[in-house]
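Please read the following briefing alongside the sequence and the coordinates. The points are grouped by topic.

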Amino acid sequence: MRDLKIPAQRHPEKAKNPDNAQPKKPSWIRVKAPGGKGYAETHKIMRDNALTTVCEEAGCPNVGECWSQGHATMMIMGEVCTRACTFCNIATGKPPEDLDPFEPGRVAAAVKKLGLNHVVITSVDRDDVEDGGAEHFAQTIRAIRQQSPNTTIEILTPDFIRCDPKVLEIVVEARPDVFNHNLETVPGLYPEVRPGARYFHSLRLLQRVKEMDPTMFTKSGIMVGLGEDKQAVMQVMEDMRAADIDFLTIGQYLQPTPKHHAVDRFVTPEEFKTYEKAAYGKGFLMVSATPLTRSSYHAGDDFAQLRAAREAKFATKA
Ligand code: SF4
């Protein structure tokens, strides 16, 4: 039995990597320590419903702030991922269990209990499951809709690269409000950062979502500080706009352990502002680009702004 708290068992494929020194965090990466009543309540709801969160599994720096407001991002389909991205703290390997048919109901119960206006649901990659978990995502969306019809739903999905392309329709037909899939980094860094994925496949996935349902908001994000240059980031923005992606997130990469990909540098808040300005200039409806931006950080407030931005755009065209 693996103990996922032990780094060498959590990431067996990284155990032999040389240690990368973890540079001291700059003054602008400061976060609220986890704790307080709201945090404890969110924690209890997650455990009572036997749910896994990406907030904990990825070691997200924002967990203190988000959980104090009940904003937990549930991670479905288990806690072991079949990929081995070099930036990610989710446990890797062969998942020990099949998909849990009762999980969608437990997620829906937790969303109701938390009283969320907007929820983000993500998952591990399940390359061992024929449809990559597409039907499980759809069932989770339907279960949330049934119990919390006024909650808007954002999903952050795997790339389904080893599945029949048709499985994407299963997820889109369940009609999430926002379909998010992260490109994570610039194409030149894929072999070392996201070796099991393909940049143009991920981009095309999001484009296909928009083709299937032009009313669905699409969203994607990258991390910076992995070794990319600014020109490559600008090109990713161009590629995303060509795929008609509405919402871009950019955040600073933080290294979970010495065995993970090294932090190349800390991007300054001023540079993030430059990216934000450039992205709006390229036509994104919504941009979140700050050192602590994560896909699901402030996702509810951002969704309200995203919807308002689309309405304003259509009103101008009318
Ligand atoms: S930013 Fe997202 S992953 Fe991080 S704590 Fe908040 S909800 Fe969880």
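The buried residues of helix α12 are Ala299, Asp302, Phe303 and Leu306. Because these residues cover an arc of only 105° around the axis, they lie on the same side of α12. The model discussed here is a predicted one.

**Helix α12**

- An α-helix has 3.6 residues a turn, so residues three or four places apart point the same way.
- At 1.5 Å a residue, the 19 residues of α12, which runs over residues 299-317, should span 27 Å, and this agrees with the 27 Å between its end C-alpha atoms.
- On the face of α12 that is turned away from its buried side, the exposed residues are Ala308, Glu311, Ala312, Ala315 and Thr316.
- The cover over the buried residues of α12 includes the strands β4 (118-123), β5 (152-156), β6 (178-180), β7 (217-224), β8 (247-252) and β9 (286-289).

**Surroundings of the ligand**

- The ligand is surrounded by Val54, Cys55, Cys60, Asn62, Val63, Cys66, His71, Thr73, Arg294, Ser296 and Tyr297.
- The elements that give two or more residues to this shell are α3 (54-57) and α4 (63-68).
- By residue class, the shell around the ligand divides into 6 nonpolar, 4 polar and 1 charged.

Note on methods: Residues are numbered from 1 along each chain as its sequence is written. This is a predicted model: local features need pLDDT of at least 70, side-chain atom pairs count only at pLDDT 80 or more; totals for chains, interfaces and linings use all residues. Helices (H or I, at least four residues) and strands (E, at least two) are DSSP runs, numbered from the N terminus. The expected span of a helix is 1.5 Å times one less than its number of residues. A residue is buried if 20 or more other C-beta atoms lie within 10 Å of its own, exposed if 12 or fewer, and partly exposed in between; C-beta atoms are placed from the backbone. The arc is that of the directions from the helix axis to the C-beta atoms. Two residues are in contact if their C-beta atoms, placed from the backbone, lie within 7 Å. A residue is near a molecule or strand if its C-beta atom, placed from the backbone, lies within 6 Å of it. Ala, Val, Leu, Ile, Met, Phe, Trp, Tyr, Cys and Pro count as nonpolar, Asp, Glu, Lys and Arg as charged, and the others, Gly among them, as polar.
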